Amino acid sequence: MILKTFNLKNEVIVGRLLKGKDLILELTKICEENNVVNGIIEGIGALEYVTIGYYDQKNKEYIVNRIDKPMEVLSLKGNVSLKDNKPFIHAHIVLGDRKGQVFGGHLNEGSSVFAFEYCIIPFEKGFFVREYDKETSLYLWTM
Ligand code: ZN
């Protein structure tokens with residue numbers, strides 16, 4: 001199902017985050033400062049500790065998992081849309097530990113950057129808005 005089509009903007013925002021910053025809050029701040037209200041986000045790096053979520057579809061609530069050890073960020077993928085008139089990042093993250101074991105989930109606040117390189121690909125115009133969806137109890141893109 002295609003909801004909308006977008007052109008890519010000519011500019012791509014690339015950078016790195018400073019040690020100790022909260023991953024999703026910093027990425028959100030960058031979107032706010034650069035007026036990015038829709039687009040794609042990706043990145044790799046390492047975190048000092050991580051807070052991820054798993055959505056329990058039956059009980060319609062997030063289970064929060066905190067991993068209190070350094071982890072590699074093997075892949076972060078996400079998107080930016082509008083929620084409550086502000087840029088909102090929905091991102092999922094794949095993590096690896098020192099043994100190469102892989103974990104992942106929905107990225108929450110409470111993840112501290114050790115080093116992180118990101119790329120934000122804004123779309124040219126138009127935007128998606130997130131609104132509460134009764135069926136899933138999630139804030140999803142409006143149709
Ligand atoms: Zn998610």
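The model is predicted, so local features need pLDDT of at least 70 and side-chain atom pairs count only at pLDDT 80 or more, while totals for chains, interfaces and linings use all residues. Residues are numbered from 1 along each chain as its sequence is written, and side-chain values use heavy atoms, with hydrogens and water left out.

**Zinc site**

- The zinc ion has the protein donors His90 (NE2), His92 (NE2) and His106 (ND1), lying 2.1 Å from it.
- Donors are N, O and S atoms within 2.8 Å of the metal (3.2 Å for Na, K and Ca); water is not among the atoms, so sites may look incomplete.
- The spacing of the donor residues in sequence is H-x1-H-x13-H.
- His90 in strand E5 and His106 in strand E6 are 16 residues apart and link distant parts of the chain.
- Strands (E, at least two residues) and helices (H or I, at least four) are DSSP runs, numbered from the N terminus.
- His90 is partly exposed, with a relative accessible area of 24%, whereas His106 is buried at 14%.
- Buried means under 20% relative accessible area, exposed over 50%, and partly exposed in between (1.4 Å probe, protein chains only).

**Largest pocket**

- A pocket is an open set of points on a 1 Å grid over the protein atoms alone, where a 1.4 Å probe fits, with protein on both sides within 12 Å along at least five of seven lines; lining residues have an atom within 4 Å of a point.
- The lining of the largest pocket has 25 residues, and Tyr62, Phe88, Ile89, His90 and His106 lie nearest the pocket's centre.
- Strand E5 gives the most to this lining, with six residues.
- Other elements that supply at least two lining residues include helix H1 (23–33) and strand E2 (39–56).

**Nonpolar core**

- A nonpolar core is a set of buried Ala, Val, Leu, Ile, Met, Phe, Trp, Tyr and Cys residues joined through side-chain atoms within 4.5 Å.
- The largest such core has 26 residues, of which Leu23, Leu76, Ile93 and Leu95 touch the most other members.
- H1 gives the most to this core, with five residues.

**Ile24**

- Ile24 lies in helix H1 and is buried, at 9% relative accessibility.
- Not counting residues up to four places away in sequence, Ile24 touches Ile89, Leu107, Asn108 and Glu109, where contact means heavy atoms within 4.5 Å.
- The C-alpha atoms of Ile24 and Asn108 are separated by 6.9 Å, although the two residues are 84 apart along the chain.
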